[in-house]
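The structure may be kept in view while reading.

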Amino acid sequence: MTMPAHSCDARTSALIDAYVDLTRDRLAALMALYDEQAAFKDPFNDVIGRAAITHIFSDMFEQLREPRFDVLHAATEGDDAFLTWELHFRRQSGGSPMTIRGASHLRYSPAGLVVLHRDYWDAAEELYAKLPVLGGLMRMLRRRLSASRR
């Protein structure tokens with residue numbers, strides 16, 4: 001198990017703790033750190049509002065087995081924070097453990113709540129390439145498009 005990142009900023013420290021300890025039962029505690037009208041965007045979602053963000057995380061617990069975040073690095077400057085993280089999980093259908101590596105940009109309101117959460121991760125490399133059928137296709141495309149082949 002990886003040691004969670006540490007931050008001297010109380011807002012970022014609370015957020016890291018909430019993500020590292022996140023379970024279905026602790027989702028409300030995480031959402032309490034988000035503004036009612038927070039914006040959230042990742043490769044699959046672009047929503048506004050705490051209720052919509054809650055739905056995304058609730059769906060994560062439905063779609064994945066044992067999802068767990070490790071926050072690796074954190075930096076806060078003013079009202080902006082940046083995290084690098086790993087999401088570890090298994091597909092509901094079973095199989096070997098999977099990991100998605102990514103980064104998040106967060107912006108805090110004057111009240112210290114998250115008003116912007118933007119996740120950056122490569123869905124092609126981190127997810128599609130690891131799936132049985134799509135993975136083979138993705139590897140073939142990567143080989144064909146690689147600059148080292150030219």
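On a 1 Å grid over the protein atoms alone, a pocket is an open set of points where a 1.4 Å probe fits, with protein on both sides within 12 Å along at least five of seven lines, whereas a cavity is a set from which the probe cannot get out; lining residues have an atom within 4 Å of a point. By this criterion, 25 residues line the largest pocket, and Asp42, Met60, Leu64, Leu87 and Trp121 lie nearest its centre. Two or more lining residues come from each of helix H3 (50–63) and strands S3 (64–77), S4 (80–91), S5 (94–108) and S6 (114–120). Helices (H or I, at least four residues) and strands (E, at least two) are DSSP runs, numbered from the N terminus. The volume of the largest pocket is about 600 Å³, where a volume is the space filled by probe spheres set on grid points that are joined across faces, edges and corners. Its lining comprises 17 nonpolar, 4 polar and 4 charged residues; Ala, Val, Leu, Ile, Met, Phe, Trp, Tyr, Cys and Pro count as nonpolar, Asp, Glu, Lys and Arg as charged, and the others, Gly among them, as polar.

The model is predicted: local features need pLDDT of at least 70 and side-chain atom pairs count only at pLDDT 80 or more, while totals for chains, interfaces and linings use all residues. Residues are numbered from 1 along each chain as its sequence is written, and side-chain values use heavy atoms, with hydrogens and water left out.

The chain contains 5 helices and 6 strands, which follow one another along the sequence in the pattern α-α-β-β-α-β-β-β-β-α-α. An open sheet of 6 strands, with mixed pairing, has the order S2-S1-S6-S5-S4-S3; two strands pair if DSSP finds at least two bridges between them. S2 and S3 are the edge strands, each pairing on one side only. From one strand to the next, the twist averages 20 degrees; angles run from 0 to 180 degrees between N-to-C directions, and axes are lines fitted to C-alpha atoms, for helices over the stretch in contact.

Helix H1 (residues 10–20) packs on this sheet and touches S1, S3, S4, S5 and S6, its direction making about 165 degrees with that of S3. H3 also packs on the sheet, touching S1, S2, S3 and S4, and its direction makes about 135 degrees with that of S3.

Strand S1 (residues 34–41) illustrates the mixed pairing. S1 runs parallel to S6, to which 4 bridges join it, and Tyr34 has Val114 of S6 as its bridge partner. With strand S2 (residues 46–48), S1 pairs in the antiparallel sense over 3 bridges; here Lys41 is partnered by Asp46, and a hairpin through 4 residues joins the two strands. S6 is also joined to S5 by 6 bridges in an antiparallel arrangement, including the one between Arg107 and Leu116.

Leaving aside neighbours within four places in sequence, Asp119 is in contact (heavy atoms within 4.5 Å) with Phe40, Lys41, Asp42, Pro43, Trp85, Ala103 and Ser104. The C-alpha atoms of Asp119 and Lys41 are separated by 6.2 Å, although the two residues are 78 apart along the chain.
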